Amino acid sequence: MNCLSVENLTKSFGEKVLFENLNFGIEKGQKVALVAANGTGKTTLLNILTYKDTPDSGVLAYNKEITYDILAQEPDFKADDTIEDFIFRGDDPMLSAVKNYEAALASYENDPSDGQLEKLNTATDQMERFKAWDYEVKIKEVISKLKVPKLTQPVRELSGGQKKRVALSRVLIAQPNFLILDEPTNHLDLDMIEWLEQYLIKQNLTLLLVTHDRYFLDRICDEIFEIENQQMFRHKGNYSSYLEAKAEREEQLQRETDKAKNLMRKELDWIRRMPKARGTKAKYRVDAFEGLKEKASVNNEKKSVDMATNMSRLGKKVMEIEHVHKSYGDLKIVADFNYVFKRRERIGVVGPNGVGKSTFLNMLTGKEKPDTGSIVQGETLVFGYYTQSGIQLEDNKKVIEVISDIAEVIEQPDGSKITASQMLQKFLFPPKQQHDYVAKLSGGEKRRLYLLTVLMKNPNFLILDEPTNDLDLLTLNVLEDFLLNFPGCLIIVSHDRYFMDKLTDHLFIFEGEGKISDFNGKYLEYRDYIEAKERQEKQAQKVEKEEAKAQNQKSQTQTPNKSKLSYKEKKEFEALEIEIEKLETQKAELEAKLSSGSITDHEELQKLSEQISELMEVIDERTLRWMELSERG
């Protein structure tokens with residue numbers, strides 16, 4: 001079944017044509033990625049597809065039998081929204097049933113009166129009527145995994161990252177047939193990304209996705225739509241298949257262009273020598289010449305970002321950290337951390353949001369001080385610090401002014417000098433765009449400009465805090481090539497696993513409570529290590545349970561069933577009945593608390609689940625002993 005049809009779609013801004021006469025369709029169950037360079041119209045196309053923008057020409061149509069929704073880069077919230085208002089907005093009867101049930105349950109827990117009980121019973125009947133219990137479990141899973149704050153909290157109090165996670169929760173909970181996601185992995189930590197990846201793989205939905213996360217893209221999508229030179233190219237398969245097909249397409253285009261240029265030389269020679277032959281008989285030659293001219297003039301040279309810098313010399317002593325502690329109240333960021341940095345170190349920083357990674361980086365650069373301990377920097381150390389909060393370009397400045405304010409002339413490693421304008425061209429800012437105001441740049445273009453301002457200062461110790469957000473794949477590829485050859489020290493904080501795996505040799509793992517461990521390997525190797533460790537722990541627990549069970553059975557076999565219970569065993573039997581009842585009550589209370597929706601903190605939910613599992617094991621153990629005594633009683 002066709003979900004979406006697009007015909008002859010064209011969009012331009014002034015003289016700039018973003019795309020022209022695009023034709024494509026998306027079938028039910030397809031998972032499509034949209035790939036294009038920054039500024040070529042990805043977000044504009046998504047806005048057109050969701051009627052937030054209009055094309056210059058062309059038509060689009062959705063199948064009337066499907067529902068669709070979009071996760072935009074900038075979610076649209078109402079001023080007075082709470083998280084609950086936003087997530088549960090809509091006329092879906094099942095969603096309304098869950099919302100009413102959660103509200104009734106919370107009211108009854110606060111006021112267990114007959115009136116509130118009646119409301120709870122009504123809400124429960126509604127849940128039964130719509131068979132909404134599984135849906136409620138799914139909602140709680142989404143909210144828990146994406147670490148959505150307390151549902152009663154006003155949206156205006158949330159950070160940008162929290163707002164994006166709330167918006168993502170809403171579109172997943174709404175369960176549209178056709179889901180459009182614009183950079184869904186931005187502001188998610190690595191655990192969230194891996195959960196979302198598995199969630200989207202398992203769901204039976206149609207997907208149109210824009211992302212720079214190549215692992216995410218490779219594992220989820222089965223077709224790639226690429227916008228290049230105002231046209232759309234379609235590639236069957238995942239991202240790896242797309243790269244192969246794109247390379248073949250470019251080689252073929254290069255061969256055709258070379259052939260056209262050779263033919264054009266011959267035709268040009270003929271058309272110059274035979275001016276009088278341009279009559280009716282030779283008109284086809286003139287028309288052919290014009291066609292060859294157009295084909296031969298195709299610009300096949302790929303743009304590249306040349307980021308050579310004249311790095312300041314790095315001495316033998318880079319930086320030494322000794323017994324550093326840092327806390328904010330009860331929150332431990334770093335506890336007794338020691339490390340000696342070496343030249344050309346390449347470190348990835350991994351840990352959930354809010355565990356203190358940015359604070360740690362700020363201590364390295366001297367922006368924050370440790371509570372105790374010391375951080376000693378080498379005399380020749382020059383930091384380059386790229387951070388999301390550092391992107392504070394003035395909208396009323398021209399692009400050329402941003403760079404020339406730092407330096408009019410930049411010295412290159414070979415001793416040559418280039419102007420600020422030439423440096424901008426190396427960063428894919430053509431002369432015409434250099435005189436545009438910063439306000440006209442896309443999000444990715446602003447980040448590329450900011451990155452240039454960082455690199456122009458010739459650092460020998462680069463710290464990149466989430467550098468991949470909103471950068472297109474071309475810029476990412478070239479940035480990676482530059483960083484692979486960067487001779488200084490490098491620290492990367494990124495949720496882009498591909499980017500980190502390609503560039504880092506080992507990882508600082510922020511485990512919480514101030515503990516930072518050093519893992520000698522790349523991120524995917526770390527994940528394999530964690531998964532193997534978890535499997536071993538589960539296997540050990542299984543073996544332990546089986547041994548305990550076998551021991552109990554052996555004990556029962558060795559003890560004659562006919563023997564009467566001793567006085568002590570009778571007392572044990574009576575105590576077990578009371579204890580099991582209490583444990584069952586405690587378990588029921590914890591399960592009610594888990595399903596109440598009043599707890600949204602991921603760690604607390606996980607702790608509750610673990611407590612329930614432990615209780616079940618104790619109940620099983622006590623029940624087994626009770627049955628053994630019962631048979632003899």
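Two strands pair if DSSP finds at least two bridges between them. Helices (H or I, at least four residues) and strands (E, at least two) are DSSP runs, numbered from the N terminus.

## Basis

This is a predicted model: local features need pLDDT of at least 70, side-chain atom pairs count only at pLDDT 80 or more, and totals for chains, interfaces and linings use all residues. Residues are numbered from 1 along each chain as its sequence is written, and side-chain values use heavy atoms, with hydrogens and water left out.

## The sheet

An open sheet of mixed pairing is formed by six strands in the order β5-β6-β7-β3-β8-β9. Because β5 (68-71) and β9 (231-236) stand at the edges with a single partner strand each, one side of each is left without a neighbour in the sheet. From one strand to the next, the twist averages 15 degrees.

Strand β8 (residues 223-228) runs antiparallel to β9 and is joined to β9 by six bridges. E226 stands opposite F233 in β9.

## Helix α1

Six of the eight residues of α1 (residues 42-49) are buried, that is, under 20% relative accessible area with a 1.4 Å probe, protein chains only. They are K42, T44, L45, L46, I48 and L49. After α1 comes Y51, with a positive phi near 65 degrees.

## E480

E480 is in helix α16 (residues 473-484) and counts as buried because its relative accessibility is 0%. The E480 side chain makes a polar contact with the side chain of R214 at 2.5 Å; such a contact is a pair of N or O atoms within 3.5 Å, and within protein one must be able to donate a hydrogen and the other to accept it, while residues adjacent in sequence count only if both atoms are side-chain atoms.

Technical notes. Buried means under 20% relative accessible area, exposed over 50%, partly exposed in between (1.4 Å probe, protein chains only). Axes are lines fitted to C-alpha atoms, for helices over the stretch in contact, and angles run from 0 to 180 degrees between N-to-C directions.
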